[in-house]
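Dear colleague,

I am handing over the structure we spoke about, and my notes on it follow below. Please read them with the model open beside you.

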Amino acid sequence: MKLYLIRHGQSEGNVRQVFHGQFDYPLTAQGRQEALLCGEKLRDVPLTHCYASDLQRARDTAALALQGRDVPIALLPALREQNVGDMEGLTWEEMEQLHPELLDGFLHRWFDTTPPGGESGQEMEGRVSAALAEILAKDQDALIAAHFGTLSLVLHILGLARKEELFTKPFFIHQGCYTAIELQNGRATLLSLNA
């Protein structure tokens, strides 16, 4: 079984440089192009299943990447980005001024930092694990269109990245690319990252 992971294309939230975990910002024109590029890169991959976060930026990325193909898209709210609570909508600059200690925790101890009114990476891992178990139970090659944090956790859950490595350069997941993972005999192998 193979999984193909794609991060949503550039969104309005990315452009505004705000924390937008579960705010439902749409894709920009560049983001739509990135999604189409992913689809082009995956054109020869025989996909029959797609699972996407129900947030618009991931849902639209999946639809654009699969344009012209008869692949149904199952929307899974458990694949949403982290709920960053009171941080939603704040710029990085505002976070530095208002909550420097929280920003430091978010950047350096993300897995164990809980934004006020939000969820920690550890809490998020529970729901992403449940969604991944549902996907893996089908035992069929699948595309997963989701968010940076969500896809990083998929790598962690499958044993491909330690929690300390999440969001670091070796495991930074780019927009407009795909990551391929093979699952065989209970073992995950990273075939490509940001292809």
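A78 lies in the loop between strand 3 (73-75) and helix 4 (92-98), where helices (H or I, at least four residues) and strands (E, at least two) are DSSP runs numbered from the N terminus. With a relative accessible area of 22%, A78 is partly exposed; buried here means under 20% relative accessible area, exposed over 50%, and partly exposed in between, with a 1.4 Å probe and protein chains only. Leaving aside neighbours within four places in sequence, A78 is in contact with R127, V128 and A131, contact meaning heavy atoms within 4.5 Å. A78 and T113 are 35 residues apart in sequence, and their C-alpha atoms are 19 Å apart in space.

Before going further, please keep in mind that this is a predicted model, in which local features need pLDDT of at least 70 and side-chain atom pairs count only at pLDDT 80 or more, while totals for chains, interfaces and linings use all residues. Residues are numbered from 1 along each chain as its sequence is written, and side-chain values use heavy atoms, with hydrogens and water left out.

Two further loop residues, both aspartates, deserve a look. D54 is found in the loop between strand 2 (49-52) and helix 3, and with a relative accessible area of 18% it is buried. The side chains of D54 and R80 are joined by a polar contact of 2.7 Å, a polar contact being a pair of N or O atoms within 3.5 Å, where within protein one must be able to donate a hydrogen and the other to accept it, and residues adjacent in sequence count only if both atoms are side-chain atoms. Apart from neighbours within four places in sequence, D54 is in contact with R59, L75, L76, P77 and R80.

D141, in the loop between helix 6 and strand 4, is partly exposed at a relative accessible area of 26%. A polar atom of the D141 side chain lies 2.8 Å from the backbone nitrogen of K2, and D141 touches M1, K2, T48 and H49 when residues up to four places away in sequence are not counted. D141 and E125 are 16 residues apart along the chain, with their C-alpha atoms separated by 22 Å.

Turning to helix packing, helix 2 (residues 29-41) and helix 3 (residues 56-65) pack at an angle of about 45°, with their axes 7 Å apart; axes are lines fitted to C-alpha atoms, for helices over the stretch in contact, and angles run from 0 to 180 degrees between N-to-C directions. That angle makes helix 2 oblique to helix 3, since angles under 35 degrees count as roughly parallel, over 145 as roughly antiparallel, 65 to 115 as roughly perpendicular and the rest as oblique. On the helix 2 side R32, A35, L36, C38 and G39 take part, and they meet T61, L64 and A65 in helix 3. The residues of this contact of helix 2 with helix 3 divide into five nonpolar, two polar and one charged, with Ala, Val, Leu, Ile, Met, Phe, Trp, Tyr, Cys and Pro counted as nonpolar, Asp, Glu, Lys and Arg as charged, and the others, Gly among them, as polar.

Within helix 3, T61 counts as buried at 1% relative accessibility. A polar atom of the T61 side chain lies 3.1 Å from the backbone nitrogen of G9. Residues up to four places away in sequence aside, T61 touches I6, R7, H8, G9, L27 and A35.

Helix 7 (residues 148-157) is largely enclosed by the rest of the structure, because nine of its 10 residues are buried. Those buried residues pack against strand 1 (2-7), helix 6 (121-137), strand 4 (142-146), strand 5 and strand 6. Helix 6 and helix 7 pack at an angle of about 75°, with their axes 9 Å apart, and are therefore roughly perpendicular to each other. Just after helix 7, G159 takes a positive phi of about 80°.

Finally, N185 lies in the loop between strand 5 (178-184) and strand 6 (187-192) and counts as exposed at 79% relative accessibility. Phi of N185 is near 55°, a positive value in a residue other than glycine. N194, in the segment after strand 6, likewise has a positive phi, near 60°.

With best regards
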